[in-house]
Amino acid sequence: MLYWVVQPGSNIGGIGAGLIRMVHPWDEWLIVWGYDINGPAPEVTDESATQIVRNLVGVPDLEVEITGKSLWGNNEQYATRLQSGRVFCAGDAIHKHPPSNGLGSNTSIQDSYNLAWKIAAVLGGTAGDDLLETYTVERAPVAAQIVTRANKSSREFGQLFEALGIDKAETPEEMAALIESRKDNTAEGAAKRRAIQDAMDLKNYEFNAHGVELGQSYASTAVVDDGSARAVPVRDAELYYEQSTAPGGRLPHVWVGDSSRKYSTHDLAPYGRFTLFTGTTGDEWLTAAAKVGGQLGIDIVTVVIGPGHECTDLYFAWAEIRGVDEDGAVLVRPDKHVGWRSASLPADPAAVLADALSAILSRQA
Ligand SMILES: Cc1cc2nc3c(=O)[nH]c(=O)nc-3n(C[C@H](O)[C@H](O)[C@H](O)COP(=O)(O)OP(=O)(O)OC[C@H]3O[C@@H](n4cnc5c(N)ncnc54)[C@H](O)[C@@H]3O)c2cc1C
């Protein structure tokens with residue numbers, strides 16, 4: 001679905017190389033070509049756009065219909081404060097970066113999920129105003145992280161051009177000869193092949209950075225630390241997303257269900273509501289959740305995972321990931337991030353749950 005096209009000029013501006021990206025199979029495509037921002041902005045007409053398409057595809061008389069065209073620039077900017085009084089900013093307005101890594105829409109939607117339930121809770125009178133401050137605390141570091149990552153990925157294309165030796169090439173023929181030389185049975189050919197492999201390995205950080213995409217963990221007053229030590233990543237934290245119920249992180253996804261239905265844990269924790277997960281011996285949490293929900297005026301969804309309940313731990317994956325005993329509990333916020341967890345069933349579950357929720361919601365004790 002995505003081709004990077006190396007041609008003379010493809011390392012200028014843009015996102016590292018010419019891009020042909022499928023929008024609809026196989027007759028609608030997005031084409032990206034860079035320009036030097038030190039010069040005047042080019043005027044893009046249907047004719048010049050068609051020429052760019054033909055050059056990139058390599059078919060001089062290709063029939064092309066242009067449906068839209070625009071100029072945009074790579075940015076490297078992130079906001080450190082996302083709120084001013086009653087005004088909140090989200091999306092590209094607070095993180096501006098090249099499309100490398102494909103982080104733009106995802107992060108923008110995450111911003112909104114983080115903010116929407118907080119505004120709803122404050123306006124609905126179930127949370128204190130301070131909850132809104134946690135939007136900046138939680139999301140500004142994510143903005144900084146993705147802007148840095150995307151720009152790094154964009155720049156790292158340079159290493160591929162250097163490895164191929166084509167960064168200085170001026171004609172297509174010169175470029176083609178330099179690319180061909182990677183096949184040479186010589187010491188230089190071998191060195192070039194190694195350099196290409198190293199450069200391509202870096203692209204793993206553009207296309208497979210699951211840790212950057214999903215691994216955000218919040219530390220704010222809307223997360224109650226359970227005192228457990230944070231696991232030290234054993235694998236590359238940018239490439240690998242390690243699921244955990246440690247407070248602040250994204251609710252881990254595992255499959256649960258019964259003989260006829262399969263649910264993701266994410267399906268069981270609806271957006272917009274708090275969800276409390278427990279196991280069979282944690283039954284008392286259900287009474288506690290109903291009581292505390294009534295006291296605080298919030299709706300708490302409860303999920304018991306175990307045989308005989310709506311969801312069985314089909315592959316024992318929940319037991320492996322839940323990070324608490326069977327009678328413990330994991331409280332998930334309305335944005336599907338873990339807000340708090342209890343290792344086991346305490347003497348007074350309603351009291352500890354009320355404390356945790358009051359803290360998350362910035363309510364007076
Ligand atoms: C070539 C390219 C490829 C991309 N690929 C990916 C990808 O693979 N994956 C991914 O996740 N993201 C990708 N993105 C990024 C993604 O498109 C953006 O991150 C996302 O659209 C940002 O959403 P937004 O709502 O914050 O801003 P926008 O989508 O920019 O929406 C802002 C809206 O506000 C409107 N507006 C502006 N000023 C005013 C005003 N004064 N009054 C009223 N309206 C106004 C604008 O017209 C626009 O409709 C890509 C971007 C580009 C350019």
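## Notebook: ligand site, domains and salt bridges

I began at the ligand, where one of its oxygen atoms is 2.8 Å from a polar backbone atom of Ser-105. I count this as a polar contact (a pair of N or O atoms within 3.5 Å; within protein, one must be able to donate a hydrogen and the other to accept it, and residues adjacent in sequence count only if both atoms are side-chain atoms).

Before going on, I noted that this is a predicted model, in which local features need pLDDT of at least 70 and side-chain atom pairs count only at pLDDT 80 or more, while totals for chains, interfaces and linings use all residues. Residues are numbered from 1 along each chain as its sequence is written, and side-chain values use heavy atoms, with hydrogens and water left out.

**Ligand, continued.** I looked for other backbone atoms at the ligand. Gly-102 has a backbone N or O atom 3.1 Å from a ligand oxygen. For Gly-104, the distance from a backbone N or O atom to a ligand oxygen is 3.4 Å. I then listed the surroundings, taking a residue as near if one of its heavy atoms lies within 4 Å. Among the residues around the ligand are Arg-21, Trp-72, Asp-92, Pro-99, Leu-103, Asn-106 and Ser-108.

**Domains.** I read off the division of the chain: domain 1 (1-73), domain 2 (74-221) and domain 3 (255-360). These bounds come from an automatic or database domain assignment. The C-alpha centres of domain 2 and domain 3 lie 33 Å apart.

**Where domain 2 meets domain 3.** I found 10 residues of domain 2 in contact with 11 residues of domain 3, contact meaning heavy atoms within 4.5 Å. The buried area between domain 2 and domain 3 is about 840 Å², with 60% from carbon and sulfur atoms. Buried area here is the accessible area (1.4 Å probe) that two parts lose on being put together, summed over both. On the domain 2 side, Tyr-113, Trp-117 and Thr-126 lose the most area to domain 3, together 59% of what that side buries.

**Salt bridges.** Which residue pairs with Glu-138? I found Arg-333, with the closest N and O atoms 2.8 Å apart. A salt bridge needs a side-chain nitrogen of Lys or Arg within 4 Å of a carboxyl oxygen of Asp or Glu. The interface of domain 2 and domain 3 has 1 salt bridge. The overall count comes to 15 salt bridges. I also checked Asp-46 and Lys-69, whose closest N and O atoms are 2.9 Å apart. Asp-46 sits in helix α1 (residues 46-57) and Lys-69 in the loop between α1 and β4 (77-78), so this pair ties together parts 23 residues apart in sequence. Helices (H or I, at least four residues) and strands (E, at least two) are DSSP runs, numbered from the N terminus.

**Backbone notes.** I saw a cis peptide bond from Pro-25 to Trp-26, with omega near -5°. Trp-26 is in the loop between β2 (18-24) and β3 (28-32). Lys-336 is not a glycine, yet has a positive phi of about 65°. I placed Lys-336 in the loop between β12 (329-332) and β13 (338-342).
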